[in-house]
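Please find below my note on this structure, written for someone who is meeting it here. The points can be read in order, with the sequence and the model kept at hand.

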Amino acid sequence: MDDVTLRALCFLEEAQAGGAAQVLVAAESALRTPTGDICDGPAAMHFARVVALTRLGDLRGAVTAADLMLAAADREHSVGWRSCALSLRAIRRLRLGDLDIREHDIVAVLRDLVTAETALLAGEPDPVIAGNAHTGIAIGYAQLRLYELAEPQFQAAYESTCQASYPDNGNRAMWLCNLAESNLMWALELYQVGQVAEAEQHLTVAEEHAVRAAAEASGPKAEVWRHLGLLFAASARAEGRDPTGAADDIPRYIAQLQAFGVPAQQAEVLLCRPFHAVALNRCGRLDEALRVIEEAVVDLSPDVAWLVSAALHRTHAVLLARNGSRDAGPGLTYGDALAELLWRQRHRWLHAAVSMQSYDVLRWQHEQAERAARTDPLTGVANRRGLDNFLRKLADPGTVDDDRVAVLTLDIDCFKRINDSQGHAAGDDVLRAVAKALTTSVRKGDFVARLGGDEFVAILPGADCAAAEQVALRAVDAVSGLTPWRTGVSVGVASGTAHALGVSLADADRAMYAAKRAGGNQVSRCHVAS
């Protein structure tokens, strides 16, 4: 993890801990550092800015900030930050839609979440960025109650913490708690639509994740995660084999969390209140169950997830009915009918999301196949087919602002000697190293390909021979410094118009052979008047 990412993640924690205003100022200052324009800063700092704006209640500003983060991620070619930007935008769009029906656009939200998921198919090498990306997608799906899609994303986030390079910051237990919480929510909704057997299966899964979270808790807030895991595990037992133990354990773990500063109104705590009431009722303590659920209803705040609120009110109505209240019946009937409608809506969203996923995966696989057909598998640069495709596009009118295009052809000196004396594996290593040296020597927007054997070519749109020669000299120096091999490269340089690239390639090839005849490890420049 680089220093910018580390600093941004520190900002993220600070914003979530109540310092959003200070984080916003610091993040915007860091974003302006490169050019003075906030748009040009790194994606990691845009991430911190999105979170700060959200914490400050500026959801529209957060959506705009997510757009800037997406542009920065694309500039950096970071699939992880791209995925984060898309899921951040989706979640904030969803919240805006909850507050203002004119902003409600479930298709746009699902599109962002699915695209964020597809982006990660290419692989994010930084496990911390990958973990945040998977978590963002999971949270978005969870808020839509698409538990089937959220669960594998939380699991992937957890698996990212198992890599040796991942810092010991408590995220492992956090994501196991997320898995437990998601299954508890899933069970609550299944109970509301009468699918009891399926609900009990998810409670079993929730308990397994929660027990693991308690066992694997670490980092500066280890005790908070441990007790939250124990609370979720106790809640999962309320409807199962141990209602008596759950009835005693749930309030004990809530009290311990409150001692750590977790408020009674926090969503994770309120989620467990229906299970506490159910456990008390199953133990024959109906009066206590009613008192617990009534206190929880009083603690409800407007921003609590509606499913938690619905579960609390439904549990309250069920207990009132069991206590002989005639008024509870109509409320239960209405609530159950509404729950059934919302369950059907959930399945429509799930079908739409799965259809989008299938289409995106097929498209990604097609793009990968096309890319593979144009890429040299050994070095990772373009092959001859990729070069031909690039040259065709370059010859199209209006493709380049400057009609001139420079060409480099490069041949590895004494490559046969390396193959004969050190073996073909060493030769392959040299080819990969030279390809990397060449791609790091060219300018942004230039094109590198392997023609075959030990010969490479670079196309430099808009460059003249002087600029191309500087690139060629950088490549010669880079290859000369490669160890443990003692080798060099001969480079030919030519320049011409975009419509006469065939001539320029032939001129560069002749210049490259001239460099080789002159002893190699040097640049030869061919002047053409085309």
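The numbered points below go from the chain as a whole to its strands, selected residues and salt bridges.

1. Basis of the note. The model is a predicted one, in which local features need pLDDT of at least 70 and side-chain atom pairs count only at pLDDT 80 or more, while totals for chains, interfaces and linings use all residues. Residues are numbered from 1 along each chain as its sequence is written, and side-chain values use heavy atoms, with hydrogens and water left out.

2. Overall form. The protein chain has 20 helices and five strands, where helices (H or I, at least four residues) and strands (E, at least two) are DSSP runs numbered from the N terminus. The radius of gyration of the protein chain is 30 Å, well over the 24 Å that the globule rule gives for 530 residues, so the chain is more spread out than a compact globule; this radius is taken over C-alpha atoms, and the rule is 2.2 Å times the number of residues to the power 0.38. Along the principal axes, the C-alpha trace of the protein chain spans about 100 × 50 × 45 Å.

3. Among contacts (heavy atoms within 4.5 Å) with a separation of 6 or more, residues 24 or more positions apart account for 67% in the protein chain.

4. Strand 4 and its partners. Strand 4 (residues 489–497) is largely enclosed by the rest of the structure, because eight of its nine residues are buried. With strand 5 (residues 522–525), strand 4 pairs in the parallel sense over four bridges, and Gly492 has Ser524 in strand 5 as its bridge partner.

5. Glu469. This residue is found in helix 19 (residues 465–480) and is partly exposed, with a relative accessible area of 21%. Not counting residues up to four places away in sequence, Glu469 touches Val493, Val523 and Arg525. Glu469 and Tyr513 are 44 residues apart in sequence and 16 Å apart in space, C-alpha to C-alpha.

6. Asn383. Is this loop residue buried or exposed? Asn383, placed in the loop between helix 15 and helix 16 (384–395), is buried, with a relative accessible area of 17%. Leaving aside neighbours within four places in sequence, Asn383 is in contact with Ala373, Arg374, Thr375, Asp376, Ala449 and Arg450.

7. A nonpolar patch. Tyr334 lies in helix 15 (residues 328–373) and is exposed, with a relative accessible area of 59%. Together with Leu338 and Leu341, Tyr334 forms a nonpolar patch on the surface, with about 330 Å² of accessible area for the three together. Patches are made of residues with over 30% relative accessible area and no salt bridge, like charges being joined within 9 Å and nonpolar side chains (Val, Leu, Ile, Met, Phe, Trp, Tyr) within 5 Å.

8. Salt bridges. A salt bridge is a side-chain nitrogen of Lys or Arg within 4 Å of a carboxyl oxygen of Asp or Glu, and by this rule the count comes to 33 salt bridges. The side chains of Arg241 and Glu207 meet in one of them (3.1 Å, N to O). That pair links distant parts of the chain, with Arg241 in the loop between helix 10 (222–237) and helix 11 (243–259) and Glu207 in helix 9 (residues 196–216), 34 residues apart. Arg241 is exposed, with a relative accessible area of 67%, whereas Glu207 counts as buried at 14% relative accessibility.

9. Further charged pairs. Asp74 and Arg82 form a salt bridge through their side chains (3.1 Å, N to O); Asp74 counts as partly exposed at 37% relative accessibility, and Arg82 counts as partly exposed at 25%. Arg237 forms a salt bridge with Asp242, the closest N and O atoms being 3.4 Å apart.

Key:
Accessible areas come from the Shrake-Rupley method with a 1.4 Å probe; for residues, only the protein chains shown count as cover. Buried means under 20% relative accessible area, exposed over 50%, partly exposed in between (1.4 Å probe, protein chains only). Two strands pair if DSSP finds at least two bridges between them.
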